[in-house]
Amino acid sequence: MTTTAPAVEQKGLAGVFARLRAGKSHGWGVFHQGSWPMMIGGMMMIVSAFLPWIYVTLTQEIMGETFVLRGTDGPGVLTLAVGCLAFAGAFVPRRKLALAHAGVPGALVAGICLLQTWNLLSANMETQWGSFLPGMGLVLAAGASVLLLKVTWTMYKHWPVA
């Protein structure tokens, strides 16, 4: 019979599996209480980067079409990057790192969404009202930022003490 090293000393995949087995005793393993919301919020941000953020209907009378600005045409590229950061933070069992992985993307994308909303409102005031409309990508990114900011607060207040 061979003796294995403790879970802390194992490297590679064996160490991950050992931490998962050891984590079943307290219910978390390599995950933490904010893992699922961070995975969902990160994926929402990643998907929102490829969706339309702004619909421009000024050209509807001339061409019969609506001009669409996708997220990757502007701030969605940053949303895509920090969405990957938030998704990766779901697998970080350290308190401060997990808080940073949820809080920074949440606050940054919330600021981007507020700025885009301000731009939409100011563009509508300068032209015909209803010419610039928010798209599903902007709404999804705003929802993801609210989810990440909420889970940041929850993890900050209720992180289990080891």
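1. The structure holds one salt bridge, where a salt bridge is a side-chain nitrogen of Lys or Arg within 4 Å of a carboxyl oxygen of Asp or Glu. Its partners are D73 and R70, whose closest N and O atoms are 3.3 Å apart. D73 is partly exposed at 46% relative accessibility, and R70 is partly exposed at 43%. Here buried stands for under 20% relative accessible area, exposed for over 50%, and partly exposed for values in between (1.4 Å probe, protein chains only). Side chains of opposite charge can pair when their charged atoms come close.

2. On provenance: this is a predicted model, in which local features need pLDDT of at least 70 and side-chain atom pairs count only at pLDDT 80 or more, while totals for chains, interfaces and linings use all residues. Residues are numbered from 1 along each chain as its sequence is written, and side-chain values use heavy atoms, with hydrogens and water left out.

3. The protein chain has six helices and three strands, taken as DSSP runs numbered from the N terminus (helices: H or I, at least four residues; strands: E, at least two). Read from the N terminus, the order of elements is α-α-β-α-β-α-α-β-α. The chain has 162 residues, of which 36% count as buried. Among contacts with a separation of 6 or more, 72% are between residues 24 or more positions apart; contact means heavy atoms within 4.5 Å.

4. The largest nonpolar core has 25 residues, and M38, L148 and M155 touch the most other members. Such a core is a set of buried Ala, Val, Leu, Ile, Met, Phe, Trp, Tyr and Cys residues joined through side-chain atoms within 4.5 Å. Two or more residues each come from α2 (35-48), β1 (52-56), α4 (76-89), α5 and α6 (136-158). Helix α5 gives the largest share, eight residues. In soluble globular proteins, nonpolar side chains tend to be buried together.

5. What does M155 touch, apart from residues up to four places away in sequence? The list is H32, Q33, G34, M38, R95, A98, L99 and A102. A102 lies in helix α5 and is buried, at 0% relative accessibility. Beyond four places in sequence, A102 is in contact with M38, L148, V151, T152 and M155.

6. N124 is buried, with a relative accessible area of 6%. A polar atom of the N124 side chain lies 2.8 Å from the backbone oxygen of F132. Neighbours within four places aside, N124 contacts W129, G130, S131 and F132.

7. L121 is found in helix α5 and is partly exposed, at 36% relative accessibility. Together with M125 and W129, L121 makes a nonpolar surface patch of about 370 Å². Patches take residues with over 30% relative accessible area and no salt bridge, joining like charges within 9 Å and nonpolar side chains (Val, Leu, Ile, Met, Phe, Trp, Tyr) within 5 Å. The protein chain exposes about 10000 Å², and carbon and sulfur atoms supply 70% of that area. Accessible areas come from the Shrake-Rupley method with a 1.4 Å probe; for residues, only the protein chains shown count as cover.

How values were computed
A polar contact is a pair of N or O atoms within 3.5 Å; within protein, one must be able to donate a hydrogen and the other to accept it, and residues adjacent in sequence count only if both atoms are side-chain atoms.
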